[in-house]
Amino acid sequence: MFAKLGLPYVTPHSARHSFISTLQAQGIEVGLVAKLAGHASAVVTLGHYTQAVRGGEAAVAALEAAYQAAS
């Protein structure tokens, strides 16, 4: 299905990680990110995704470039 649409295959785990990491990199309050992710507390979110926040601008730029190239 992905190939038919010209999209790369993305696992649900990768999509979830990207969603959460992108929100954090954009400065969305961690409590809201935790709630959207379904985490019991912000501590869980910070414990698993804090490393993704460092250098977030480069990651977001890379995502934007990838999405634009796929368009």
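This is a predicted model: local features need pLDDT of at least 70, side-chain atom pairs count only at pLDDT 80 or more; totals for chains, interfaces and linings use all residues.
Figure 1. V60 counts as buried, because its relative accessibility is 12% and the cut-off for a buried residue is under 20%. Leaving out residues up to four places away in sequence, V60 touches T22, A25 and Q26.

Figure 2. H39 is located in the loop that joins α2 to α3, the latter formed by residues 42-53. With a relative accessibility of 16%, H39 counts as buried. When neighbours within four places in sequence are set aside, the residues in contact with H39 are R16, I20, A34, V44, T45 and Y49. With T45, the side chain of H39 also makes a polar contact, side chain to side chain, at 2.6 Å.

**Figure 3. Close-up of helix α2 and its two ends.** Helix α2 consists of residues 30-37, and its residues V33, A34 and A37 are buried. Viewed down the axis of α2, the buried residues fall within an arc of 100 degrees, so they line one face of the helix. At the start of α2, a side-chain oxygen of E29 comes to within 2.9 Å of the backbone nitrogen of G31. After α2 comes G38, which has a positive phi, near 80 degrees.

Figure 4. I28 is found in the loop between α1, residues 12-25, and α2. Is I28 buried or partly exposed? I28 is partly exposed, because its relative accessible area of 33% falls between the limits of under 20% for buried and over 50% for exposed residues. Together with F19, L32 and L36, I28 makes a nonpolar surface patch of about 350 Å².

**Figure 5. The whole chain, as context for the close-up views.** The chain contains four helices and zero strands. Read from the N terminus, its elements follow the order α-α-α-α. Of the 71 residues in the chain, 17% are buried; V60 and H39 both count as buried. Among contacts in the chain with a separation of 6 or more, 43% are accounted for by residues 24 or more positions apart. The chain exposes about 5100 Å², and 66% of this area is supplied by carbon and sulfur atoms.

Conventions:
Residues are numbered from 1 along each chain as its sequence is written. Side-chain values use heavy atoms; hydrogens and water are left out. Buried means under 20% relative accessible area, exposed over 50%, partly exposed in between (1.4 Å probe, protein chains only). The arc is that of the directions from the helix axis to the C-beta atoms. A polar contact is a pair of N or O atoms within 3.5 Å; within protein, one must be able to donate a hydrogen and the other to accept it, and residues adjacent in sequence count only if both atoms are side-chain atoms. Contact means heavy atoms within 4.5 Å. Accessible areas come from the Shrake-Rupley method with a 1.4 Å probe; for residues, only the protein chains shown count as cover. Patches are made of residues with over 30% relative accessible area and no salt bridge: like charges are joined within 9 Å, nonpolar side chains (Val, Leu, Ile, Met, Phe, Trp, Tyr) within 5 Å. A salt bridge is a side-chain nitrogen of Lys or Arg within 4 Å of a carboxyl oxygen of Asp or Glu.
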